[in-house]
Amino acid sequence: MQFIVAHQWEIFITIEILSVISLLIFGFLRYVLNKQRLSLLAIISFLVLLLIEALLGILIYQETKEISTFQIIIVLFVVYACTFGIFDFLKLDRWMRKTVGKWRRVELLTDKDYAILQRQKDPKYVAKKYRLTSTIHLFVFLVGQSILWFYGTGSFNEMLNFLTDLSWIEAGTAEQSPYANEVAYSMGMIWTLVFVVDLIYSWSFTIFPGKQKK
């Protein structure tokens, strides 16, 4: 276990390299060789590597008993892959099949794909989609911040005090905040800023229905 803790970054980077290789193999099998079923093995290997990353973060936390930059980065990778990463992957997959199809002069998109592409031009659908993604982000944000706050406070009552008295925000220090250390504090504040910006952007499609994503 000491070996894993001492070489956590090297292990993490190795897993990330293997993950990228898995995605490249997936793309080669799916878009160049047109081996749809075989390409699923590459995706499965990517998911297995993602699971190993999550387990690595848990093992490091159990050994050190503290939240560090390493755990936060792993959480970000895993949360993104399990939420917005899915939508981005599906969008990229359609774009790749459309592009490769034109290059090979074959039709790789299905009627369902064309229906989705056409639907994405509908302002009402776009607004609904961004409301959904912002709701998912809200849920993940609340759960993630609750974990960080509980780790830094240790009790619900203390968390409630910080929630009702926001003077700690003006103080601008980890010591006076509900976060356990500087790493958690920086993570929490940056995430809050990103969340607010994402919330405003996502709901702008509902407030201004004519707006289209370029």
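Here are some questions and answers about this predicted model.

The model is predicted, so local features need pLDDT of at least 70 and side-chain atom pairs count only at pLDDT 80 or more, while totals for chains, interfaces and linings use all residues. Residues are numbered from 1 along each chain as its sequence is written, and side-chain values use heavy atoms, with hydrogens and water left out.

Q: How many salt bridges does the structure hold?
A: Let's start with the idea that side chains of opposite charge can pair when their charged atoms come close. Here a salt bridge is a side-chain nitrogen of Lys or Arg within 4 Å of a carboxyl oxygen of Asp or Glu. By that rule, the number of salt bridges in the structure is three.

Q: Which helices do arginine 30 and aspartate 93 lie in?
A: The side chains of these two residues form a salt bridge, at 2.8 Å from N to O. Helices are DSSP runs of H or I with at least four residues, strands are runs of E with at least two, and both are numbered from the N terminus. The pair ties together parts that are 63 residues apart in sequence, because arginine 30 lies in helix 2 and aspartate 93 in helix 5.

Q: About how many helical turns separate arginine 97 and aspartate 93?
A: Arginine 97 and aspartate 93 meet in a salt bridge of 3.1 Å, N to O. They are four residues apart in helix 5, so the separation is about one helical turn.

Q: Are arginine 97 and aspartate 113 buried or exposed?
A: Their side chains meet in a salt bridge of 2.5 Å, N to O. This pair links distant parts of the chain, 16 residues apart, with arginine 97 in helix 5 and aspartate 113 in helix 6. Buried means under 20% relative accessible area, exposed means over 50%, and partly exposed is in between, using a 1.4 Å probe and protein chains only. On that scale, both arginine 97 and aspartate 113 are buried.

Q: Which residues do salt bridges join into one network?
A: Arginine 30 and aspartate 93 are both buried. Aspartate 93 pairs with arginine 30 and also with arginine 97. Through shared partners, the salt bridges make one network of Arg30, Asp93, Arg97 and Asp113.

Q: How far away from glutamate 16 is the nearest side chain of opposite charge?
A: Glutamate 16 lies in helix 2, residues 8–32, and touches Glu53 and Phe77, not counting residues up to four places away in sequence. Contact means heavy atoms within 4.5 Å. For charge, Lys and Arg count as positive and Asp and Glu as negative, while His and the chain ends are not counted. Glutamate 16 is buried yet has no salt bridge, and the nearest opposite charge, on arginine 30, is at 20 Å.

Q: Which helix supplies the largest share of the lining of the largest pocket?
A: On a 1 Å grid over the protein atoms alone, a pocket is an open set of points with protein on both sides within 12 Å along at least five of seven lines, whereas in a cavity a 1.4 Å probe fits but cannot get out; lining residues have an atom within 4 Å of a point. The space in the largest pocket is about 1300 Å³, and of its 44 lining residues, the closest to the centre are Val79, Tyr80, Thr83, Phe84 and Val140. A volume is the space filled by probe spheres set on the points, which are joined across faces, edges and corners. The largest share of the lining, 14 residues, comes from helix 7.

Q: How many nonpolar residues are in the lining of the largest pocket?
A: Ala, Val, Leu, Ile, Met, Phe, Trp, Tyr, Cys and Pro count as nonpolar, Asp, Glu, Lys and Arg as charged, and the others, Gly among them, as polar. Besides nine polar and eight charged residues, the number of nonpolar ones is 27.

Q: Which helix gives the most to the lining of the second largest pocket?
A: This pocket has a volume of about 650 Å³. Helix 2, helix 3, helix 4 and helix 5 each supply at least two lining residues. With nine residues, the one that gives the most is helix 2.

Q: What is the phi of asparagine 34?
A: Asparagine 34 sits in the loop between helix 2 and helix 3. Most residues other than glycine have a negative phi. Asparagine 34 is not a glycine, yet its phi is positive, at about 60°.
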